[in-house]
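Please consult the sequence and the coordinates alongside each answer.

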Amino acid sequence: MEKVTESIINVGVNDKEITLFEGQYKIRNGMAYNSYLILDEKTAVMDTVDHRVLDTWLSHLTEGLNGREVDYLVVQHMEPDHSGSVKELINRFPKIKIVGSAMTFTMLNQFFGESMQDRAVIVKEGDGLELGSHNLRFFNAPMVHWPEVIVTYEQSENIVFSADGFGKFGTRDAREDWASEAARYYFNICGKYGMQVQALLKKLAGLSISVICPLHGPVLTENLGFYMDKYNVWSSYEPEEAGVLIAYASIYGHTKEAAIKLQEILKNKGEKNVITTDLCRDDMHEAVKDAFCYDRLVLAAASYDGGMFPAMADFLYRLKSKNCQKRRVALIENGSWAPCAGNAMKAYVEEMKNMTLVSPIITIKSAMKSETITELEHLADALM
């Protein structure tokens with residue numbers, strides 16, 4: 001457990017055993033499932049936890065309550081990593097009232113197979129709930145990143161309970177850079193919904209905030225402007241910094257060789273930030289994060305089955321689905337008899353918003369040659 005203030009406790013759980021989140025995201029340092037207990041004349045629990053850590057959560061909650069009942073459960077987000085233990089909480093506290101948006105109760109029925117309308121407190125934009133000295137105010141945050149989401153502002157202590165907003169991969173005590181893992185979390189999970197995140201940020205801008213309590217990662221208590229600024233940049237799809245990501249999908253190593261050579265050329269020309277990622281071997285979700293971080297992107301792929309190598313197709317599908325935009329993009333294709341990856345990649349990029357293609361497409365026939373290096377030099381100049 002972790003005390004947030006004298007009357008608010010994080011009774012969530014640091015899950016240090018999980019290695020794959022949502023069935024796809026590689027987890028390096030576990031995952032925090034946060035759940036907050038507000039102690040006042042009335043008690044309120046802000047979200048539950050994933051069922052996989054139910055027993056530890058119930059132990060934390062029991063200790064925090066110290067014999068008291070739970071009067072309200074506020075369900076801000078219905079994804080199972082936060083709502084997975086709702087039924088067990090109801091079983092323990094049968095008089096509990098559930099606070100949420102109208103859609104929350106539709107989803108509760110879907111997940112648990114029973115109506116919970118008899119205990120429902122349905123809240124709309126700006127509605128409040130008094131617990132005593134603590135007064136909760138609710139804001140709609142649809143599609144951040146599910147449609148039923150609400151965000152809660154506690155007015156007496158200026159605390160925002162931000163649902164999945166401002167969350168990150170990793171346990172609360174993980175010794176790692178917040179921004180890197182928060183960015184990997186944001187772009188891969190919430191990245192598609194920049195417009196909706198911007199709308200939420202505008203609502204939060206009018207509040208005096210001293211603490212941000214997300215459902216994943218550490219409670220944020222200092223330098224809150226830093227986190228707000230990050231979210232503003234990320235959700236507006238602006239590049240975070242100048243740099244080039246060279247993402248390659250290589251079969252036998254020849255496309256990789258060209259990608260590494262371009263990286264060398266760019267560095268020799270003075271480009272400070274140039275990184276490469278092997279889409280067949282490296283963390284795909286890290287590559288997605290890096291594509292959003294830098295202002296330029298080079299896609300290098302072998303031709304395959306009349307299109308591009310599958311790892312590149314997967315990467316571009318993810319970028320498009322997460323609404324990647326406002327980047328300059330260069331293309332390198334490889335093919336031994338009918339190079340076709342270039343046009344396949346070009347078609348994908350042209351479907352994205354505000355992407356500028358750097359011409360021409362560089363074509364490698366099987367392996368890099370001296371004339372290829374000359375073309376890479378010209379491409380580097382065009383990217384600088």
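Q: Which residues of H6 are buried?
A: In this predicted model, the buried residues of H6 are Gly-194, Val-197, Leu-200, Leu-201 and Leu-204.

Q: Why are the buried residues of H6 said to line one face of the helix?
A: Seen down the axis of H6, the buried residues fall within an arc of 120 degrees, so they line one face. The face turned away from this buried side carries the exposed residues Met-195 and Lys-202.

Q: Against what do the buried residues of H6 pack?
A: They pack against strand S14 (150-154), strand S15 (159-161), H5 and H7.

Q: How does the reach of H6 from its first C-alpha to its last stand against the expected value?
A: H6 has twelve residues and reaches 16 Å, close to the 16 Å expected at 1.5 Å a residue.

Q: What is the reach of H7, and what is expected for it?
A: Helix H7 (residues 224-235), with twelve residues, reaches 17 Å from its first C-alpha to its last.

Q: Which residues of H7 are buried, and why are they said to line one face?
A: Leu-224, Tyr-227, Lys-230, Tyr-231, Trp-234 and Ser-235 are buried in H7. Viewed down the axis of H7, the buried residues fall within an arc of 125 degrees, so they line one face of the helix.

Q: Against what do the buried residues of H7 pack?
A: Their packing is against helix H5 (178-190), helix H6 (194-205) and strand S16 (211-213).

Q: Where does Ser-250 lie, and why does Ser-250 count as buried or exposed?
A: Ser-250 lies in the loop between strand S17 (241-249) and helix H8 (254-268). The cut-off for buried is under 20% relative accessible area. Ser-250 has 8% relative accessibility and therefore counts as buried.

Q: What makes the pairing of the Ser-250 side chain with the backbone nitrogen of Thr-255 a polar contact?
A: A polar atom of the Ser-250 side chain lies 3.4 Å from that nitrogen, and the cut-off is within 3.5 Å. The side chain of Ser-250 also reaches the backbone nitrogen of Gly-253 at 3.1 Å.

Q: With which residues is Ser-250 in contact, leaving aside its neighbours within four places in sequence?
A: Ser-250 is in contact with Thr-255, Lys-256, Cys-280 and Phe-309.

Note on methods: Residues numbered from 1 in each chain as written. Predicted model: local features only at pLDDT ≥ 70, side-chain atom pairs only at ≥ 80, totals over all residues. Heavy atoms only, no water. Helix = DSSP H or I, 4+ residues; strand = E, 2+ residues; numbered from the N terminus. Expected span 1.5 Å × (residues − 1). Buried < 20%, exposed > 50% of the residue type's maximum accessible area, 1.4 Å probe, protein only. Arc of directions from axis to C-beta. Contact = heavy atoms within 4.5 Å. Polar contact = N/O pair within 3.5 Å; in protein donor to acceptor, adjacent residues only side chain to side chain.
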